[in-house]
Amino acid sequence: KLHLESKLAAVGQLAAGIAHEIRTPLASISGSIETLLKNIKPSNADDEKLVAISLKEIRRLDRLITEFLIFVKPSSGQNFTEVNLRKTVEEVIVGINNIRNLSTGVHIESDIPQGMQIMGDNEKIRQVFYNLFTNSIEASGDKDIKIKVSAKEEANSWLVTVEDNGHGISEEIREKIFN
């Protein structure tokens, strides 16, 4: 276990260095575009649209890097608080329903007991459910998507289950899902 933790710490340091190397040119590109906009006005609507898209994508990449750094940073437990899991999951469901532009129907059902409290980092818990729901949606293909999340108390802890109507995870991928 110590060897794995050492490797993960090294990967985290490497990721932070790479993120910095990506962020620096992004900030430079963004600043350059904004300076150019002050000095040169786009001559037509298409040029304005391209500039707006470029700035939006730079901000998106910056947010992606921030999320990645949060993911690879070892948790110290300092952000642990009591989390109402039902409320958190329901907020994620609302967010997923608002941002997904799908031609297929998406139905996410929550069967988590009212007032279920757990200790954890609310933002990381939110990210876990967001990723699980997004993965289910993306893996389901063109059919209607049904996802159910439930929780039950089991031996002084909670067992949380996320199920969907997809085809399942292949054996070769299943072995790697926690990597």
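## Close-up views of a predicted model

View 1. R174 and E171 form a salt bridge, with their closest N and O atoms 3.0 Å apart; the term covers a side-chain nitrogen of Lys or Arg within 4 Å of a carboxyl oxygen of Asp or Glu. The two residues are three apart in helix α5 (residues 171-174), so about one helical turn separates them. Helices (H or I, at least four residues) and strands (E, at least two) are DSSP runs, numbered from the N terminus. R174 counts as partly exposed at 43% relative accessibility, whereas E171 counts as exposed at 51%. Here buried means under 20% relative accessible area, exposed over 50%, and partly exposed in between (1.4 Å probe, protein chains only).

This is a predicted model, in which local features need pLDDT of at least 70 and side-chain atom pairs count only at pLDDT 80 or more, while totals for chains, interfaces and linings use all residues. Residues are numbered from 1 along each chain as its sequence is written, and side-chain values use heavy atoms, with hydrogens and water left out.

**View 2. The whole chain, for orientation.** The protein chain has five helices and five strands, in the order α-α-β-α-β-β-α-β-β-α along the sequence. Of its 179 residues, 20% count as buried. A search of the whole structure finds seven salt bridges.

View 3. D62 and R23 form a salt bridge, their closest N and O atoms being 2.6 Å apart. This pair links distant parts of the chain, with D62 in helix α2 (residues 45-72) and R23 in helix α1, 39 residues apart. Both ends are partly exposed: D62 at 32% relative accessibility and R23 at 28%.

**View 4. Helix α3 meets helix α4.** The side chains of E91 and R126 meet in a salt bridge (2.8 Å, N to O). E91 lies in helix α3 and R126 in helix α4, so the pair ties together parts that are 35 residues apart in sequence. E91, E123 and R126 are linked in a network of salt bridges. Stay with helix α3 (residues 85-99) to find T88, which is buried, with a relative accessible area of 4%. The T88 side chain makes a polar contact with the side chain of N122 (2.8 Å). Such a contact is a pair of N or O atoms within 3.5 Å; within protein, one must be able to donate a hydrogen and the other to accept it, and residues adjacent in sequence count only if both atoms are side-chain atoms. Leaving aside neighbours within four places in sequence, T88 is in contact (heavy atoms within 4.5 Å) with V83, N122, I125 and R126.

View 5. The structure holds one aromatic pair. F129 and F133 form this tilted pair, 6.0 Å centre to centre with 50° between the planes. Rings of Phe, Tyr and Trp (its six-membered ring) pair if their centres lie within 6.5 Å; planes under 30 degrees apart count as stacked, over 60 as edge-to-face and the rest as tilted. Being four residues apart in helix α4 (residues 122-139), F129 and F133 are separated by about one helical turn, and both are buried.

**View 6. D111 in strand β2.** D111 is found in strand β2 (residues 106-111) and is partly exposed, with a relative accessible area of 43%. Leaving aside neighbours within four places in sequence, D111 is in contact with K148, V149, S150 and A151.
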